Amino acid sequence: MSFLSASLDRIKPSPTIAVSTKAAELKAAGKDVIGLGAGEPDFDTPDHIKEAAIKAIWDGQTKYTAVDGTPACKAAIVEKFKRENGLVFETNQITVNSGGKHTIYNAMVATLNPGDEVVIPTPYWVSYPDITLLAGGTPVFVPTSIDTNFKMTPEVLEAAITPKTKWLIFNSPSNPSGAAYTEAEIKALGEVLKRHEHVWVFADDIYEHICYEGFEFKTIAAVVPEIAHRTLTMNGVAKAYAMTGWRIGYAGGDAKLIKAMAKVQSQSTSNPCSISQAATVAALNGPQDYLAERAAVFQARRDLVVGKLNEADGITCPTPEGAFYVYPSIAECIGKTTPNGKKISTDEDFVTYILEDYGLAAVHGEAFGLSPHFRMSYATSTEALTTACERIQEACSRLK
């Protein structure tokens, strides 16, 4: 009898975390490595948020809180959903968790039974299928391609839904592609979902405030109100507010679902960090003008990266509407050979090549369910991105 749970055989460690860890190890060993794997803004948490956290410490807000969030934090989230998304919730419809990944985990564990299916468009954030598997569900992958700008069409969604489907995970703007759905595209998907009343929607809106060129973000529960009662709308402070380490995710949805998620949380982590919740109140209730300023910086970096990658031999890089990743195709590099005589047979071979020979740590497309691609984060300095892209250009030019 194995000491370890058989459920561990269903999942794998996070590839994105593995890449960031490898880059950090190489840097610590004195190697010249540029990390392009982390999904983390390089901006600092704004001062007014830090100050709110410090005040909370001095005010003695260092005790347990309610399992799934303080009244103040939930009230701030209610107001945020109303102000920014046109969604109206009561506080008993709000959950606060230790990061967005925790929100997903709670929702899946609280609802999935063996045989239940979760529809996940590809390319996907690496944790969606593994959390589904850990919770006992079955991931069902919906294909997209570079030709559809990595967006799911109504036809492929319809084809993926079965009587066993319990959830659709809908991430816009997307990690890893940066693709974002327009209001018209969401409405078209909503027509399919309205016909399948047993399917719930998990809307991952974590990159809501990182959109470009006037793209107007819309959340699915607001665009398709007929399915709002079976939509869980998730967000968090990590990406927009540069608070990845504070570990706060949150969601709004059906009160019974929220109660079930709280039950799971009560027997796992209990409450999110009290100080982080106080900081979240300041983030959501405080000034928001700097969000657009930071998005403009990301857009300039995006334009730099897309332009330079499209100049590299064998790379095709679409222009994303949001988030801070590009997901270029390396289809024309497959089958070529490196100067050291190693054949590029997969996208993992490609990212290994640019790491070992050029000191660039990126994540291979297979980790996100769609090859041959790689994900490159541009949440780093313009100088580092320029150097990274020039190295990629050189790496590609030397493939034969």
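Me: Which element gives the most to the lining of the largest pocket?
Reply: That's α1, with four residues. Keep in mind that this is a predicted model.

Me: Good to know. What's the volume of that largest pocket?
Reply: About 600 Å³ for the largest pocket. Its lining is made up of 31 residues, and those closest to the centre are Gly39, Lys101, Trp125, Lys239 and Arg247.

Me: And which elements give two or more residues to that lining?
Reply: There's α1, spanning 15-28, then α4 at 100-111, α5 at 127-134 and the strand β7 at 231-236.

Me: How do the lining residues of the largest pocket divide into nonpolar, polar and charged?
Reply: You get twelve nonpolar residues, 13 polar and six charged.

Me: OK, on to the second largest pocket. What volume does that have?
Reply: The second largest pocket comes out at about 280 Å³. It is lined by 17 residues, with Lys27, Gly35, Leu36, Ala38 and Thr380 the closest to its centre.

Me: Which elements give two or more residues there?
Reply: α1 and β1, the latter at 34-35. The largest share of that lining is from α1, at five residues.

Me: And how does the lining of the second largest pocket divide by residue type?
Reply: Ten of its residues are nonpolar, five are polar and two are charged.

Me: Let's switch to strands. In what order do the three strands of the open sheet come?
Reply: The order is β9-β12-β11, and the pairing is antiparallel. At the edges stand β9 (325-326) and β11 (363-364); each has a single partner strand, so one side of each has no neighbour in the sheet.

Me: Remind me, what holds strands together in general?
Reply: Strands of a sheet pair through backbone hydrogen bonds, in either a parallel or an antiparallel way.

Me: Over how many bridges do β9 and β12 pair?
Reply: Two bridges, in the antiparallel sense, with β12 covering residues 374-377.

Me: What about Pro372, which residue is joined to it by a cis peptide bond?
Reply: That one is Ser371, with omega at about -5°. You'll find Pro372 in the loop between β11 and β12.

Me: Is Phe150 buried or exposed?
Reply: Buried, because its relative accessibility is 6% and the cut-off for buried is under 20%.

Me: Last one: what is the relative accessible area of Ala323?
Reply: It's 0%, so Ala323 counts as buried.

Note on methods. Residues are numbered from 1 along each chain as its sequence is written. This is a predicted model: local features need pLDDT of at least 70, side-chain atom pairs count only at pLDDT 80 or more; totals for chains, interfaces and linings use all residues. Side-chain values use heavy atoms; hydrogens and water are left out. On a 1 Å grid over the protein atoms alone, a cavity is a set of points where a 1.4 Å probe fits but cannot get out, and a pocket is an open set with protein on both sides within 12 Å along at least five of seven lines; lining residues have an atom within 4 Å of a point. Grid points are joined across faces, edges and corners, and a volume is the space filled by probe spheres set on the points. Ala, Val, Leu, Ile, Met, Phe, Trp, Tyr, Cys and Pro count as nonpolar, Asp, Glu, Lys and Arg as charged, and the others, Gly among them, as polar. Two strands pair if DSSP finds at least two bridges between them. Buried means under 20% relative accessible area, exposed over 50%, partly exposed in between (1.4 Å probe, protein chains only).
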